Amino acid sequence: MITVRKAEDRGSADHGWLVSRHSFSFADYYDPQQMGYSSLRVINEDRVVAGAGFPTHGHSDMEIITYVLEGALEHKDSLGNSSVIRPGEVQRMSAGIGVRHSEYNHSKTEPVHFLQIWIVPNVRGSAPGYEQKAFPAAERDNRLCLVAAADGRDGALRLQQDAALYVAQLHDAVALRHRPAAGRHVYMHVARGAVRVNGVVLSAGDGARIEAEAELAIEAAPQGELLLFELS
């Protein structure tokens, strides 16, 4: 069964410097029917104008994944990390017992467009941690690329949760086959373009809860970029 939530049904916020769409309840947007999915708690699609950003603030007990679609995002945190995240790179910050960080548009002239994802960890009060890694286009084009997983397998970022995140950029009406492990909760978010999963078309910003589908046939329609979560 595939349950689609259309992009236009998401929560929204426009702060001038930031335009954000919320797949699940977040900040001033609250929907008791949209409080997350399994351990997946937040998918925010954010656009930040040149030179602006989120000043230093704190988090605890959350796995925070940042995925940049366009532009560059500058990150600093209380662990001493300072980096710039660009398309093709994925960052994971484990907030643990507490971490403070800031995120700013690295450019003074161009906007930045990115997804911020929160996954609830399976342990509380752990030491905070940080990873950032580039996943070349060859690993993402027309294939599902594992970018985060509980065991850090196959070079993925390591999550403190029984969850896995794949990304793919599909072109030229390519078709992929994927068999989720039995009993897993699957969630798909389309970042750009459009894709078809088991005959259901999803466009940019759409999300889909996928249950009891033994195999996923994923096709470009005619091209699209997607994130696929497998959750316990």
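## The main core

The largest nonpolar core holds 25 residues, and L40, I65, I117, L227 and F229 have the most contacts inside it. Such a core is a set of buried Ala, Val, Leu, Ile, Met, Phe, Trp, Tyr and Cys residues joined through side-chain atoms within 4.5 Å, where buried means under 20% relative accessible area with a 1.4 Å probe, protein chains only. Two or more residues each come from strands 4 (40–48), 6 (63–70), 11 (112–119), 13 (145–149), 15 (163–170), 17 (185–197) and 20 (216–231). Strands here are DSSP runs (E, at least two residues), numbered from the N terminus. A second, separate core of 23 residues includes V174, V186, L202 and L226.

This is a predicted model: local features need pLDDT of at least 70, side-chain atom pairs count only at pLDDT 80 or more, and totals for chains, interfaces and linings use all residues. Residues are numbered from 1 along each chain as its sequence is written, and side-chain values use heavy atoms, leaving out hydrogens and water.

Beyond its neighbours within four places in sequence, L40 has contacts (heavy atoms within 4.5 Å) with F24, I117, W118, I119, Y187, F229 and L231.

Q116 lies in strand 11 and counts as buried because its relative accessibility is 11%. Leaving aside neighbours within four places in sequence, Q116 touches V42, I43, N44, I64, I65 and T66.

## Strand 10 and its partners

Five of the seven residues in strand 10 (99–105) are buried. Strand 5 (53–59) runs antiparallel to strand 10, joined by five bridges, with G53 opposite Y104. Five bridges also join strand 7 (73–77) to strand 10, again antiparallel; here K76 has S102 as its bridge partner. Strands pair if DSSP finds at least two bridges between them.

Conventions. Buried means under 20% relative accessible area, exposed over 50%, partly exposed in between (1.4 Å probe, protein chains only). Helices (H or I, at least four residues) and strands (E, at least two) are DSSP runs, numbered from the N terminus.
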